[in-house]
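I opened a new notebook page for this model.

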Amino acid sequence: MIKRRLVTAAAMATLVPLPLAACAGGGSNGAGSDSSSSKTVDSLTVLDYYTDEPGKSNIDAQLQKCGSSIGLAKVDHQSVPGPTLIQKVLQQASSKTLPDVLMLDNPDIQQIAEAGALAPLGDFGINADGYAPGPVSAATYDGQLYGLQPGANTLAIFYQKDVLAKAGVQPPKTWAELKTAAKKLTSGKQYGFAFNATADYEGAWQFLPPMWTNGGDETDLKSPQVAEALQLWKDLVDDGSVSKSAVNWKQADVNDQFIAGKAAMMLNGPWQIPALQKAKVNFGVVPFPINKPDQTSVAPLGGEAWTVPVTADDAKMAKAAELVKCMNTDENQMLRAKQGGLVPTKLALAEQYKTEVPSMAGFTDVVANARARTGKLGAKWPDTAKVIYTGMQLVLTGQAAPADAMAKAGAS
């Protein structure tokens, strides 16, 4: 989930020694590993970054229930703040004390797998048949699956139903309609639209719907399609439909503006729905608009996956894989999705979920087509994300034209 973005490029650079650090004691087939199939495993350690409630307690309850179902006496569930998780993993890899099960934000999986710290799930007979393509792509490195993601989130347009109805405005389906609607809905202290354009991974994540929907690509940031997406953001800010404060607003700030009635529409994710419901906001959700008739709305994939780190204990790794599999049963996917404002990643659950949770219907179809940020660039994504958000900021602060911004930001 991008709101809990974990990794900086500098932190990831230190992963280079991991193949030696993590595997020195032997992996699943490594010298010195405990390959005894008769060894009894009664406890596992699990590490994630869910320090906040109710997420921490909800996930712990699932872990404990799964642990009992696979014969564990104890699941030692540990949580650290998101920004510190990767550093914690690096320290544990160096000291050969990696957890038995590790939860990772999906854009980080390929980087950790590339470093040799994760075991391919295929080694334990686990596959991702029937899953949405995005989560599988995010968790696949060099042709092998390294993580299973029970729930996903993405981005879409939220709109104030009452405000749009009063103004006689329909939810936008095209960029032209978005600009017209946003302008008409801007009045007094209310902006027509709100988005997050901060100089960080969150800002890059929010720019992906217009960029990808318009045919822009992270492998060619200097393309006309990317420039057109930048122009859309610039036009919305320049004509006053979006606040100039967008360059400083995080997604939580955008949601606060929406709840306060200071934005008629916003680009945001399903994790905001509990707060919207608590505030009794009458909202609707639609996919990000397209620019041209032949386009399909494309949004980025968010969410976390469960992985099995490489340790020197084959028996524990096998049991850890059982826990990962249990956290991804149909029942647990549905439960986690309902509790966490997510969408189940198994395609067969989509229609059932839309029926049971109508407020998430607008996101369910979007997730089915959502794209992994690491799908094309793999471990190079964080560096490219930096170029994206830098170029976006250059445009919105008047330091570069849309056609030149990405080159000025360092795009090759």
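**Entry 1: Phe195 and the cores**

I looked up Phe195 and skipped its neighbours within four places in sequence; Phe195 is in contact (heavy atoms within 4.5 Å) with Gln206, Trp233, Leu236, Val237, Val242, Ala246, Trp249, Val254, Leu267 and Leu396. The model is predicted, so I noted the limits: local features need pLDDT of at least 70, side-chain atom pairs count only at pLDDT 80 or more, and totals for chains, interfaces and linings use all residues. Residues are numbered from 1 along each chain as its sequence is written, and side-chain values use heavy atoms, without hydrogens and water.

Next I checked the nonpolar cores. Such a core is a set of buried Ala, Val, Leu, Ile, Met, Phe, Trp, Tyr and Cys residues joined through side-chain atoms within 4.5 Å. Buried means under 20% relative accessible area, with a 1.4 Å probe and protein chains only. The largest core has 53 residues, and Phe195 is among those with the most contacts inside it. Helix α17 (381-396) is one of the elements that supply at least two residues. The largest share, nine residues, comes from α17. Helices (H or I, at least four residues) and strands (E, at least two) are DSSP runs, numbered from the N terminus.

**Entry 2: strand β11**

I followed β11 (residues 304-307): Glu304 and Trp306 point one way, Ala305 and Thr307 the other, and all are buried. Strands pair if DSSP finds at least two bridges between them. β11 pairs with β3 in the antiparallel sense over four bridges. Ala305 is the bridge partner of Leu104.

**Entry 3: Lys319**

Why does Lys319 count as buried? Lys319 counts as buried because its relative accessibility is 15%. I found Lys319 in helix α13.

Conventions:
Buried < 20%, exposed > 50% of the residue type's maximum accessible area, 1.4 Å probe, protein only.
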